[in-house]
Amino acid sequence: VPSATNPNPPKVIAAGTYTITGAGGADVGPFTASVNVASPINWTNRTTINSINRATPLVINWTGGTSADMVIISGTGGKQAAGTSADNPKFESTTFVCIARGDARTFSVPVSILQQLPAVDFGISAGGGGASIDGIGILTVQAGNGTLDNGKFTAPITAGGNIDIGSFYYAVGGAALVSIR
């Protein structure tokens, strides 16, 4: 888990081939699927993004990645819904997802997308009714298998035939809590 003192901890999933085998069940028969996991990307400007300014493009930079990888950049901004507590908060939120090729090594989230996020200050405040979570902002950058063939598999249907498509997918990356202004 990233922290202020260790923003790029060791990767949990190493590059290589991963295989899963399913025994099947009442509707789908047994299957095997494999996916080739590429070397993880390194989100190089993560520690400098503490706040998203909705009036300027959000530039994300990384090292690593190939044309066969896709980098998924997502952001969520949410305000605590009225009538919910810090013990059981519910959020009214908006999320964006942008996808870039791994070898691009940079991506700018357009202002037209950022302006759809609500302005939030991540934090907890104490009020007359106790503590409340005012809002939350989350930014993630992940790399995953970017081709349809990597991780694709088939499985038999017990009533006859095969499933249309099966996909064994991976994503490895990082996240940051941010304010959105």
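This is a predicted model: local features need pLDDT of at least 70, side-chain atom pairs count only at pLDDT 80 or more; totals for chains, interfaces and linings use all residues.
Trainee: Why is the pair of phenylalanine 31 and phenylalanine 153 called stacked?
Mentor: Their ring centres are 5.1 Å apart, and the cut-off for pairing is within 6.5 Å. The planes sit at 15 degrees, and under 30 degrees counts as stacked, so stacked is the word for this pair.

Trainee: What makes this pair a tie between parts of the chain?
Mentor: Phenylalanine 31 belongs to strand β2 (residues 31-37), while phenylalanine 153 belongs to strand β11 (residues 152-153). Those parts are 122 residues apart in sequence, so the pair ties them together.

Trainee: How do you know whether phenylalanine 153 is buried or exposed?
Mentor: Look at its relative accessible area, which is 16%. Buried means under 20%, so phenylalanine 153 is buried. Phenylalanine 31 has 22%, which lies between the 20% and 50% cut-offs, so phenylalanine 31 is partly exposed.

Trainee: And what makes tyrosine 169 and tyrosine 170 an aromatic pair?
Mentor: Centre to centre they are 6.4 Å apart, and the limit is 6.5 Å. With 25 degrees between the planes and a cut-off of 30 degrees, this pair is stacked too.

Trainee: Why is tyrosine 170 called buried?
Mentor: Its relative accessible area is 9%, and under 20% means buried. Tyrosine 169 comes in at 40%, so tyrosine 169 is partly exposed.

Trainee: Now salt bridges. How many does a search of the whole structure find?
Mentor: That search finds two salt bridges.

Trainee: How do you know that arginine 101 and aspartate 103 form a salt bridge?
Mentor: Their closest N and O atoms are 2.7 Å apart, and the rule asks for within 4 Å. So they form a salt bridge. Arginine 101, at 49% relative accessibility, is partly exposed, and so is aspartate 103 at 29%.

Trainee: What makes aspartate 121 and arginine 181 a salt bridge?
Mentor: Here the closest N and O atoms are 2.3 Å apart, again set against the 4 Å limit. Aspartate 121 lies in the loop between α1 (111-114) and β9 (123-127), and arginine 181 in the segment after β14 (179-180), so the pair ties together parts 60 residues apart in sequence.

Trainee: Which residues form the nonpolar patch on the surface?
Mentor: Val12, Ile13 and Tyr18, with about 290 Å² of accessible area together. Isoleucine 13 has a relative accessible area of 31%, and patch residues need over 30%, so isoleucine 13 passes that cut-off.

Note on methods: Residues are numbered from 1 along each chain as its sequence is written. Side-chain values use heavy atoms; hydrogens and water are left out. Rings of Phe, Tyr and Trp (its six-membered ring) pair if their centres lie within 6.5 Å; planes under 30 degrees apart count as stacked, over 60 as edge-to-face and the rest as tilted. Helices (H or I, at least four residues) and strands (E, at least two) are DSSP runs, numbered from the N terminus. Buried means under 20% relative accessible area, exposed over 50%, partly exposed in between (1.4 Å probe, protein chains only). Patches are made of residues with over 30% relative accessible area and no salt bridge: like charges are joined within 9 Å, nonpolar side chains (Val, Leu, Ile, Met, Phe, Trp, Tyr) within 5 Å. Accessible areas come from the Shrake-Rupley method with a 1.4 Å probe; for residues, only the protein chains shown count as cover. A salt bridge is a side-chain nitrogen of Lys or Arg within 4 Å of a carboxyl oxygen of Asp or Glu.
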